[in-house]
Structure formats: C-alpha cells, structure tokens
Amino acid sequence: MPRHAILVIDMLNDFVGEKATLRCPGGEEIIPNLQKLFDWVRNRKDDDIHLVHIQEAHRKNDADFRVRPVHAVKGTWGSDIIPELYPQGDEYIVPKRRHSGFAHTDLDLYLREENMDTVVVTGVWTNVCVRSTAADALYNAYKVITLSDGCASKTKEMHEHGLVDLSIFTKVMTIDEYIQAWENGEDPWVGGGDKENKVK
C-alpha cells in the first residue's frame with residue numbers, strides 16, 4: 001500500500017473564526033469533517049498515513065503584505081493553529097511564508113525522509129494555498145488527492161472553482177470515500193487526474 005501525508009493547510013486563527021483577519025467562512029464548516037479524519041488517522045495501528053500541519057507564519061514586513069492584509073505573523077495568535085485541530089504527539093508542523101507549503105520550506109525533505117508517495121490536501125483556501133500546494137506536490141512528483149469536504153474557501157463559488165482546477169491533476173474525493181478506500185485495501189489515488197481531458 002502507498003504512504004500518504006495529509007496536509008492540513010492554514011487552519012489558523014487568522015483564517016478560521018469570526019475574529020479572523022482573512023476569514024474563510026467555510027473554514028468553520030469543515031472543522032467537524034477534519035476532526036473525523038484526524039480521529040481515524042490517529043487511531044490507526046499502521047504508520048502509513050501522517051498528519052502534517054502547514055502553518056502560515058510571516059515575518060513582519062513580508063512581501064505577501066504588498067498584496068494582502070497583514071495576517072498570520074509568526075509568533076502571534078493569528079498564526080497559531082485553531083484549538084479544535086491542534087497537532088498531537090509528533091505530528092509535523094511546517095511553517096511557510098508563501099501560498100504553497102513547498103515554497104522555501106522543508107516539506108519535500110520531510111516527505112522523502114518518511115517515504116511518502118502521496119500528498120492529500122485539506123484546509124483553506126481551496127483556490128489559493130490548497131491549490132498552490134497541490135500543484136507543487138505534482139511538480140515534486142507526488143500523487144495528489146484533494147478531499148473536497150476537507151477544504152474551503154471564502155465563498156462556495158471560489159471553493160468550487162478551485163476544485164475544478166484541482167480535478168485536472170489530482171483525485172478529488174470526499175473524506176468518507178477516502179477512508180472507505182483504505183478500509184477496503186484500495187489505493188485511494190487510483191483514477192486521479194484528467195487523462196482524457198474531460199474537465200470543463
């Protein structure tokens with residue numbers, strides 16, 4: 001069977017919740033879905049699925065603030081992971097300063113050290129950081145899965161447009177479908193992408 005890293009992207013105080021600077025309203029809606037996924041992973045006996053938390057952590061004068069409001073500054077409440085999805089045990093945390101979890105971070109090194117072959121993306125925003133991370137995962141030759149009900153964006157329209165883009169090069173599936181595939185001894189990624197150019 002494959003080895004998967006589930007990337008939990010930017011489920012932070014500055015993105016999720018009424019006090020969030022760059023609030024992604026859908027972020028609150030996916031918390032129970034991600035909690036279900038976390039519980040399932042954490043209760044598995046095998047070590048073939050890792051939860052990896054991707055945490056936006058900008059410097060004070062980050063270039064990102066030339067185009068977006070100041071948010072998720074390293075060491076602040078806004079950059080911290082929301083309590084409902086806080087990492088446990090030795091779950092790895094990857095701080096980032098750009099949209100992609102791979103950009104100028106050690107994520108790829110971690111995945112290779114742990115012999116991961118598949119990246120599973122969740123979190124916020126579907127059409128920005130989730131999409132950017134998924135694209136870079138493919139660039140680094142990983143198989144990529146998107147969990148549609150484990151991602152959210154500022155609006156449902158943004159989320160849906162993001163999923164259309166992601167369906168071109170990832171396997172888009174629900175959390176229940178993902179779990180069921182593993183329980184059935186199947187590789188969830190099989191059938192991913194758009195080899196016949198059908199996506200419209």
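How many bridges join strand β4 and strand β5, and in which sense do the two strands pair? Strand β4 (residues 118-124) and strand β5 (residues 143-152) share 6 bridges and run in the parallel sense. Here two strands count as paired if DSSP finds at least two bridges between them; strands (E, at least two residues) and helices (H or I, at least four) are DSSP runs, numbered from the N terminus. Among the residues involved, Val-124 has Ala-152 of β5 as its bridge partner.

A word on the source: this is a predicted model, where local features need pLDDT of at least 70, side-chain atom pairs count only at pLDDT 80 or more, and totals for chains, interfaces and linings use all residues. Residues are numbered from 1 along each chain as its sequence is written, and side-chain values use heavy atoms, leaving out hydrogens and water.

Now the whole sheet. Its 6 strands form an open sheet in the order β3-β2-β1-β4-β5-β6, with parallel pairing.

Angles run from 0 to 180 degrees between N-to-C directions, with axes fitted to C-alpha atoms, for helices over the stretch in contact.

| Helix | Strands touched | Angle |
|---|---|---|
| α4 (residues 126-139) | β1, β2, β3, β4, β5 | about 170 degrees to β4 |

Finally, the cysteines: with a disulfide taken as a pair of cysteine sulfur atoms within 2.5 Å, the count is 0. For Cys-129, the nearest cysteine sulfur is that of Cys-24, 10 Å away.

Note on methods: Contact means heavy atoms within 4.5 Å.
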